[in-house]
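Below is a briefing on one protein chain, grouped by topic. Please keep the sequence and the model at hand while reading.

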Amino acid sequence: MSPCFLFSFYSRLCVPSVSTVYVSTQQSTRICLQPVVFYSGPFPSLRRAYLHKIVLKSTTSSRPWCEKFNLAMKQSSEVKKKRFSVFGVFFLIVTYLWAVILFPVFTALFPVTLLLDRVRRRLLDRFAMLWMRLTLFCCRLQVVIQGEENLPRSDEVVMYVANHQSYLDIYVLSALKRKFKFVSKIEVFSYPVIGWAMALAGYVGLKRGDSRRQLQTYHEIVRKLQSGVSLVMFPEGTRSVHGRLLPFKIGPFKAAKQAQVPIVPLTILGTREVMPSFAWLPVGFPNKPITIHVHPMIQVENYEDKQLADICKSVIEKPLESNETTWNRSPL
């Protein structure tokens, strides 16, 4: 086994100023470069900009073990070219139209919900899911659920953990027809109408970079689970740029174990191609349904926190690895 070495260069294939760390391994007399991690930053030197051209040239080969990487880079480049679409504008109009229509009813029911169901607020969850499903229906975004038999009962409290590639993931998960709340970054709660509704419904806000607030959020997550509220969390912590799973944070699994609620892993396929991580709106209409893989429920009593994270990551990753379909986007 020949030694490996690491170096980075700044690529403009996915989004402006994205750096990629590559591992170069030699097999026989051939060298293949594979991306390991992506992160944002400016050009530090002309030398790294030059490396971008050299590495890109060396990876455009026909070697079978580089084909997947070459295809991924090509698709990322194509996605970057298109940041605006008629379908994206239509999606924005539809989702805000339904939000404005439902919000007065939402606010009118809020006092009643506080009196009858202060902690769970399930009636408001129903309206939130209705808003998302109406948006998907009007935009003709079809969602296919595989492994539907693995879904928990509608009244069972669980922690859903899923991969995160797009803002569209939140809409798509409403197709599961289960009542749950999302754990989202706290900035989303300031969005007009939509963010206000999330706050009224009792969604959990997470402030990044503030360890004290994160600890408070962790305790709030545990309390909600113990109070009978199912939650959806994205253990990657942010949206994946390149489509592969980022390292999982241990917090969601630690909270599920402390609250003694089972975990349901979910794999979402297709949202990144419709609405990439850098986009605020869809960049095109899919020619195939978006898919949710529902994996078998995992009982937390039998595993440690780290084991739960590793098992869920492995389970969620399998459909991502086997998904080699090229998504073609066409304007509405």
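A polar atom of the Arg-178 side chain sits 2.8 Å from the backbone oxygen of Pro-152. Arg-178 belongs to the loop between α5 and β6 (181-185); helices (H or I, at least four residues) and strands (E, at least two) are DSSP runs numbered from the N terminus. This is a predicted model, in which local features need pLDDT of at least 70, side-chain atom pairs count only at pLDDT 80 or more, and totals for chains, interfaces and linings use all residues. Residues are numbered from 1 along each chain as its sequence is written, and side-chain values use heavy atoms, with hydrogens and water left out.

**Arg-178**

- Arg-178 is buried but has no salt bridge, and the nearest side chain of opposite charge, Glu-148, is 6.4 Å away.
- Buried means under 20% relative accessible area, exposed over 50%, and partly exposed in between (1.4 Å probe, protein chains only).
- A salt bridge is a side-chain nitrogen of Lys or Arg within 4 Å of a carboxyl oxygen of Asp or Glu; for charge, Lys and Arg count as positive and Asp and Glu as negative, while His and the chain ends are not counted.
- Leaving aside neighbours within four places in sequence, Arg-178 is in contact (heavy atoms within 4.5 Å) with residues including Met-129, Leu-151, Pro-152 and Tyr-160.

**Salt bridges**

- The count of salt bridges comes to 6.
- Asp-125 pairs with Lys-181 in a salt bridge whose closest N and O atoms are 2.8 Å apart.
- Asp-125 is in helix α4 and Lys-181 in strand β6, so this pair ties together parts that are 56 residues apart in sequence.
- Both Asp-125 and Lys-181 are buried.
- In the salt bridge between Arg-120 and Asp-117, the closest N and O atoms are 3.5 Å apart; Arg-120 is partly exposed at 32% relative accessible area, whereas Asp-117 counts as buried at 18%.
- Lys-313 and Glu-317 form a salt bridge with closest N and O atoms 3.8 Å apart.
- Lys-313 and Glu-317 are 4 residues apart in helix α10 (residues 305-322), and therefore separated by about one helical turn.
- A network of salt bridges links Arg-153, Asp-155 and Glu-156.

**Nonpolar cores**

- The largest nonpolar core has 52 residues, and those with the most contacts inside it are Leu-168, Leu-173, Leu-176, Phe-182 and Leu-266.
- The largest share of this core, 8 residues, comes from α4.
- A nonpolar core is a set of buried Ala, Val, Leu, Ile, Met, Phe, Trp, Tyr and Cys residues joined through side-chain atoms within 4.5 Å.
- Not counting residues up to four places away in sequence, Leu-176 touches Ile-145, Leu-151, Leu-266, Ile-292 and Val-294.
- Another core, of 28 residues, lies apart from it and has Val-157, Val-222, Phe-248 and Leu-320 among its members.

**Helix α6**

- In α6, 6 of the 8 residues are buried, so this helix is largely enclosed by the rest of the structure.
- The buried residues of α6 are Ile-194, Gly-195, Ala-197, Met-198, Leu-200 and Ala-201, and what covers them includes α3, α4 and β6.
- Gly-202 follows α6 and has a positive phi, near 85°.

**Whole chain**

- The chain has 10 helices and 12 strands.
- Buried residues make up 50% of the 332 residues in the chain.
- Of the contacts between residues at least 6 apart in sequence, 72% join residues at least 24 apart.

Note on methods
Polar contact = N/O pair within 3.5 Å; in protein donor to acceptor, adjacent residues only side chain to side chain.
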